[in-house]
Amino acid sequence: MARTVAALALVAGASALVAPVSKVSKVVEKYTDSTLKSSPGGFMEQGTEMFQEQFPEFNSYGWGVSVKAERWNGRHAMFGWAFIIATGYCKAHGLIPDPEKLLDFKQWGTLAIISGGKGGGITITNERACILVANIHFLVVSLCAAFCPLPFQDTLLLEPGEPDEEPAGLVPAF
């Protein structure tokens, strides 16, 4: 009986040494590093074409690689840099109240915990809480702008039948 169990354990353990089967779809496999060649505008055109082939339904609504998505990515990157500079300014000028004070678990709950749990863990500082709340605010504003834009705002997604814009290139026209 022990020999049978040992033989089964060896056979079961041998499966760990077998190369895994690729679960990548055939459409993705046809695009390799040699397929993608850099053009003067970069990989934007090829990425757009690849996404359009793989996900035509999503592409028709503007999801994925699109000129509008790249513009929004740039806006979020600019906000990130502005927020880093604003945080540094606030820290340097003492504009964050009690920056080193740890949050009270009884007041803030699990939002304040870094590690541990049930009130016995380490909590974040007031400075981190201010930065967290500001970033959550920006996230909500960004989601509202993306999915419920006002009439004067640039939209993230395409309207049904609306063509995507042409890429602006390295230096857009003003």
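Guide: Start with contact: two residues touch when they have heavy atoms within 4.5 Å of each other. By that rule Ala69 touches Gly64 and Leu156, leaving out residues up to four places away in sequence. By the way, this is a predicted model, where local features need pLDDT of at least 70, side-chain atom pairs count only at pLDDT 80 or more, and totals for chains, interfaces and linings use all residues. Residues are numbered from 1 along each chain as its sequence is written, and side-chain values use heavy atoms, with hydrogens and water left out.

Visitor: Why is Thr123 called buried?
Guide: Buried means under 20% relative accessible area (exposed is over 50%, partly exposed in between; 1.4 Å probe, protein chains only). Thr123 has 8%, so it counts as buried.

Visitor: What makes the pair of Leu103 and Thr123 a polar contact?
Guide: A polar contact is a pair of N or O atoms within 3.5 Å; within protein, one must be able to donate a hydrogen and the other to accept it, and residues adjacent in sequence count only if both atoms are side-chain atoms. Here the backbone oxygen of Leu103 is 2.9 Å from a polar side-chain atom of Thr123. Thr123 also touches Leu102, Ala112, Ile113 and Ile114, among others.

Visitor: How do you know that the buried residues of α3 line one face?
Guide: In α3 (residues 44–54; a helix is a DSSP run of H or I, at least four residues), the buried ones are Met44, Thr48, Met50 and Phe51. Their directions from the helix axis to the C-beta atoms fall within an arc of 165°, so they line one face.

Terms used:
Helices (H or I, at least four residues) and strands (E, at least two) are DSSP runs, numbered from the N terminus.
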